[in-house]
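Welcome, and please take a moment to look over the sequence and the fold below.

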Amino acid sequence: MRLLLVEDEPEMVAALRAALKRHDMVVDHATTLAEGELMAAEDVHDAILLDRRLPDGDGLSLIPRLRAAGNRAPVIVLTARAALADRVSGLDTGADDYLGKPFALEELLARLRAVLRRPAQRHTEVIRAGRLAFDVAHREARIGDVRLDLPRRELLVLEALVLRQGRMVQRPALMEAVFGLDDEIQSNALDTHVSRLRRKLAELDAGVAISGIRGVGYLLQEVS
């Protein structure tokens, strides 16, 4: 699971990132509304954890902008402003859940599981290209009746390319989709994952090919 945490308190950030990492979650971090909006624009996060008191404004103001841009990732507001009127305001603004600080990690994890069990809103379709079918809601790829058993990072590469098939995905955007911001990444790591994925698609006659421009990005397109 990949989360976006928009929070400016260093102690809270450190504690949450360490705790969520122990549960196999990748956490990207923004300290301001502007940073959070820019990172959310990649639309690669399963959920967003959003503080209200941020240096450049109320975190709630980010939610309508995300929805207007087509981002449907569930948002859980984490804030010390937990009075009834604040909770009502948060939910009416579009938050999927609202959790007052301080909170127990177990409760946050339960609320994450709850919002992610709801019907997928970001992408519900199965995207097809050549013989490849990618179920975005379940992150599952098939070629014909054969399910592709891909390592996680190769699956993330494929998802990012399928969602923008026929268009060049710039290298920075692809890196953000595949790696957490704190991952130690070798310079050729992305190219290695793309190369392995390209070979598997060719071996299975998927009817799609990955091409690219060195140092710029990659795109996936149908081939005859």
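What follows is a walk through the sheets, the helices around them and a few individual residues.

This is a predicted model, in which local features need pLDDT of at least 70 and side-chain atom pairs count only at pLDDT 80 or more, while totals for chains, interfaces and linings use all residues. Residues are numbered from 1 along each chain as its sequence is written, and side-chain values use heavy atoms, with hydrogens and water left out.

**The parallel sheet**

Let us begin with an open sheet of five strands, ordered E2-E1-E3-E6-E7 and paired in parallel. Strands here are DSSP runs (E, at least two residues), helices are DSSP runs too (H or I, at least four), and both are numbered from the N terminus. Two strands count as paired if DSSP finds at least two bridges between them. E2 and strand E7 (97-100) are the edge strands, each pairing on one side only. On average, neighbouring strands of this sheet are turned by 20° against each other, direction ignored.

Strand E1 is joined to E2 by five bridges in the parallel sense, with Val6 opposite Ala30 in E2. E1 also pairs with E3, again parallel, over four bridges, and there Leu4 faces Ile48 in E3.

How well covered is E1? Five of its five residues are buried, where buried means under 20% relative accessible area, exposed means over 50% and partly exposed lies in between (1.4 Å probe, protein chains only). In a regular strand, side chains alternate between the two faces of the sheet. In E1 both faces are covered, with Arg2, Leu4 and Val6 buried on one side and Leu3 and Leu5 buried on the other.

Helix H2 (residues 33-40) has its own buried set: Leu33, Gly36, Met39 and Ala40. These four cover an arc of only 130° around the axis, which puts them on the same side of H2; the arc is that of the directions from the helix axis to the C-beta atoms. Among the elements that cover them are strand E1 (2-6), strand E2 (26-30), strand E3 (47-50) and helix H3 (62-68).

**The antiparallel pairings**

A second open sheet has four strands in the order E8-E9-E10-E11, with antiparallel pairing. Strand E8 (126-129) and strand E11 (146-147) stand at its edges with a single partner strand each, so one side of each is left without a neighbour in the sheet. Helix H6 (residues 152-163) packs on this sheet and touches E8, strand E9 (132-135) and E10, its direction making about 100° with that of E9. Such axes are lines fitted to C-alpha atoms, for helices over the stretch in contact, and angles run from 0 to 180 degrees between N-to-C directions.

Further along, strands E13 and E14 form a hairpin with three residues between them, and Gly215 in the turn has a positive phi of about 80°.

| Strand pair | Bridges | Facing residues |
|---|---|---|
| E10 (residues 140-143) and E11 | two bridges | Ile143 opposite Val146 |
| E13 (residues 208-213) and E14 (residues 217-222) | six bridges | Ile213 opposite Gly217 |

**H6 meets H8**

The axes of H6 and helix H8 (residues 189-203) come within 9 Å and cross at roughly 80°. That makes H6 roughly perpendicular to H8, a label for angles of 65 to 115 degrees. On the H6 side, Arg153, Glu154, Val157 and Leu158 take part, and they meet H8 residues including Leu190, His193, Val194 and Leu197; contact means heavy atoms within 4.5 Å.

**Some single residues**

Which residues beyond its sequence neighbours does Val178 touch? Leaving aside those within four places in sequence, Val178 is in contact with Arg2, Arg153, Leu156 and Val157. Val178 lies in helix H7 (residues 171-178) and is buried, with a relative accessible area of 2%.

Asp86, in helix H4 (residues 84-93), counts as buried at 18% relative accessibility.

Asp205, by contrast, is exposed, with a relative accessible area of 52%. Asp205 sits in the loop between H8 and E13, and its phi is near 50°, a positive value in a residue other than glycine.

Finally, a cis peptide bond joins Lys101 and Pro102, with omega about -5°. Pro102 is found in the loop between E7 and helix H5 (105-117).

Note on methods
Parallel < 35°, antiparallel > 145°, perpendicular 65-115°, else oblique.
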